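Student: I have some labels to check against the numbers. Can we go through them one by one?

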Amino acid sequence: MNIKNIGKLVIKHIAATRSLVIGLLMLSVAACSESERPTIYIAKQIITMDESKPLAQAAVVQDGIIRFVGDLSSAKQSHPNAVIDETLAEHVIVPGFIDPHVHMILGAMIYSRPFVPPWDMPTPNGLAKGLPDKAALLDRLKQLDAELEDDEPLIAYGYHNLIQGDLNRHDLDQVSTTRPILIWHYSGHDFYLNSKALDWADVTLELEDEFEGIGIDDRGELSGRIYEDASMHLFTKLAPHVLTPGNIGDGFSGFENMLAEAGVTAVAELGYGLFNQTLEDSYYFLEYTKSDPYKLFLVPEHRAFSKKYGDDAAQEIVQLASEKADRGDPQVLRQVKFFTDAAFYSQTMRLESPGYLAGQSKGELGLWVTESNALVDAIAPYWRLGLDARIHSNGDAAQTATLNAMSEIRSTHPKLKQRFVIEHAGLLMPDHLQKLSELKGGVSAASHYVYLMGDDYKAALGSKIENLTPLASASGLNIPVTLHSDAPLAPPYPLQAAAVHMTRETRNGNVSTAGEALSAYQALKAITLDAAWAMGLEKSIGSIEVGKQANFTVLNQNPLGLPAKDWPQIKVWGVILDGEQYPLPPVTTPK
C-alpha cells in the first residue's frame, strides 16, 4: 500500500472517530438535559410550614432545590418541560424531619451494647424489654455474664436508679467477682462498677483529688459509681471494647436505620471532638456515605476543642465551618456546644436550694460542669467570632447562671446578633422564660423527660416538677422551641416526640402539667422549622419554600388531621433528600 492510500485510510478513520465522538457528546448533552429537567412532585397534600402558603398540591424540584410550591396547574404552566412524578400522589409531604441534638459516636457505642433499661426501649435490634426493679436487673446481668467469654468485661447500658433502685459495687459483686462489670447509666454520664472492674480500670480513692465524680460510700470506700469528669478516666480501659471499628460499624448502621424508619433528613451531633476528633473523623469517613438518606452536621464541643487547640479553638471552628462539605462528609456548623451543669437523668443537674429531695443525690444541689462565674469567659471567645452557642443547661440554678452569662455577653457585644439555644432545658421557671424571651434565645428540649420521668422525678424535685420542660409557656413568649432525642438516650423518632408534647402523657399514663401541651402545628414546627433554626439552617431547610433544599419526609397520613395519640403510628414512606427519592424498603414477613 502506498503512502497516498495510507493517508486516505487515516483521514477516513479520523472522520469516523470524529463522528463517533460528536454522537457521544450529543447523547451526553441529551442525557444531561434530561437529568436537569425539573420534577413536579404531586401529593395528596403538602404541608409547607410556610405561614404565607401553608398547604400545596405540587412542588417543583430542580437540581435539588425547590423551584415552585402551589397548585398543580400553576406548576405545569410555570414549568412546561417538567417531569411529572405521581409516585407520592396518595401520600402527604411535610418538611424533612430534623433531630437537632443527637450523639452519633456515643450512640454507635451504646447501640452495640446489651441493654438493661427500666422501661421498654426501642433499639436498632428491636424492643429491649424493661427491667422494673433491682432484682430483675441483677437477674439479667447474670444471664449476660453466662453468655460471655471468661476474659471479656460485661458492659451494659440503661440502668436508672430512681426506678431500679440504688446500685453499688457489692450488688454487682453478686453477679461476678471475677469478671469486670460496668453498667452504663441511662444518662450516659455515670457508670457503676463491681470490685473487679474498679481494679481493672485502676480506680482508687486517690482519684477523688483529681476528678469530680468518684463515688464514696458512708464508710469512706469506693461505692462503684464513677460519673461526669471521672467517666473519661474509664475510657482508657473501655475504648478497646466500645470504640472498635466493629462495634462502631454495627452501632452506627443501626442508628442510621432508626433515622431512616423515622423519616429524619438531618441531625446535628452535639459533641464533636469529645472522643478524639481525629478518631471521630475516621469513623465518619468510614460510616457516613453519599447514599445515606440524611444529612449529618457537627457541633464542636468547647472543652474538647479548647484542650486540643488552646487559644486557637474558636478560630479552628470558624475554619472548619467555612469548609463546605459534599454529600457523604459531615458539615461543621458555626456553633459551639457548652455545658453549664451535668445530667438530668442521674440527678446531677444543678438545682437551687433545697436541692434534691430524694434519690441518689438527696440533700445535694448537683454539679456544675462550668462554674457559673466562668461561663462568660468560656463562651465569649467563640461569640466574638460570630459562632452560635448551644448550651447544655438543665437545672433551675443552671438556667439562672446560663441566662446571666448570656445577658452579659449580649450587652458587651450588642452588634452581634447570633443565636444561643438552651439544650435539654429540664427545668425552666417563669422568670427564666421571660429573660430568655428578652435575650432572644431558643429552647431545644429533650423530647423524653416528660414521658419517661414526669412521674418518677416528683419525689426528687417536689413542686419544681411543674416546671419540667414548659414548652407551651415558651412558645407563648415567641421563644423558638424544638425537640431533640439526645439519641441514644431516646429513640430519634420525631413524630413520637411531638406526640408526647401535645399530650404531656407520662409512661404510666398520667399527665404532666397539661397546660404546657403544644398545639399540633407547634409540635410539627418543633421538629421541622424550629429545629432548623436551632441549627442555624432555617434559610435552607425546615420548610417547603422556593429556594430551599428539597428535603421532604413522606407520610401516609396528615399529622395535623389526627389526634396526638395517633402520631407515632403514622407510617413513613421514606424521604426525599436534595430532590432524590429514598423510599424505605418493603417490610418482609419471615416465613
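Student: Why is Glu208 called partly exposed?

Tutor: This is a predicted model, so the value is computed from predicted coordinates. Glu208 has a relative accessible area of 44%. Buried means under 20% and exposed means over 50%. The value lies in between, so Glu208 is partly exposed.

Student: Where is Glu208 found?

Tutor: In the loop between helix H7 (195-200) and strand E12 (214-216).

Student: Which residues form the negative surface patch?

Tutor: Glu206, Glu208, Asp209, Glu210, Glu212 and Glu371. Asp and Glu count as negative. Patch residues need over 30% relative accessible area, and Glu208 has 44%.

Student: What makes Ser447 buried or exposed?

Tutor: Its relative accessibility is 7%. The cut-off for buried is under 20%, so Ser447 counts as buried.

Student: Which residues does Ser447 touch, not counting those up to four places away in sequence?

Tutor: Leu483, His484, Ser485, Ala490, Ala497, Val500 and His501. Ser447 itself is in the loop between strand E20 (442-446) and helix H16 (449-453).

Student: How do you know that helix H13 is largely enclosed?

Tutor: Of the 10 residues in H13 (residues 375-384), 7 are buried, so the helix is largely enclosed by the rest of the structure. They are Leu375, Val376, Ala378, Ile379, Ala380, Tyr382 and Trp383.

Student: What do the buried residues of H13 pack against?

Tutor: Helices H11 (302-309), H12 (313-322) and H14 (396-412), plus strands E17 (335-339), E18 (388-393) and E19 (420-424). Just after H13, Gly386 takes a positive phi of about 85°.

Notes. Residues are numbered from 1 along each chain as its sequence is written. This is a predicted model: local features need pLDDT of at least 70, side-chain atom pairs count only at pLDDT 80 or more; totals for chains, interfaces and linings use all residues. Side-chain values use heavy atoms; hydrogens and water are left out. Patches are made of residues with over 30% relative accessible area and no salt bridge: like charges are joined within 9 Å, nonpolar side chains (Val, Leu, Ile, Met, Phe, Trp, Tyr) within 5 Å. Accessible areas come from the Shrake-Rupley method with a 1.4 Å probe; for residues, only the protein chains shown count as cover. A salt bridge is a side-chain nitrogen of Lys or Arg within 4 Å of a carboxyl oxygen of Asp or Glu. The place of a charge is taken as NZ of Lys, CZ of Arg, CG of Asp or CD of Glu. Helices (H or I, at least four residues) and strands (E, at least two) are DSSP runs, numbered from the N terminus. Buried means under 20% relative accessible area, exposed over 50%, partly exposed in between (1.4 Å probe, protein chains only). Contact means heavy atoms within 4.5 Å.
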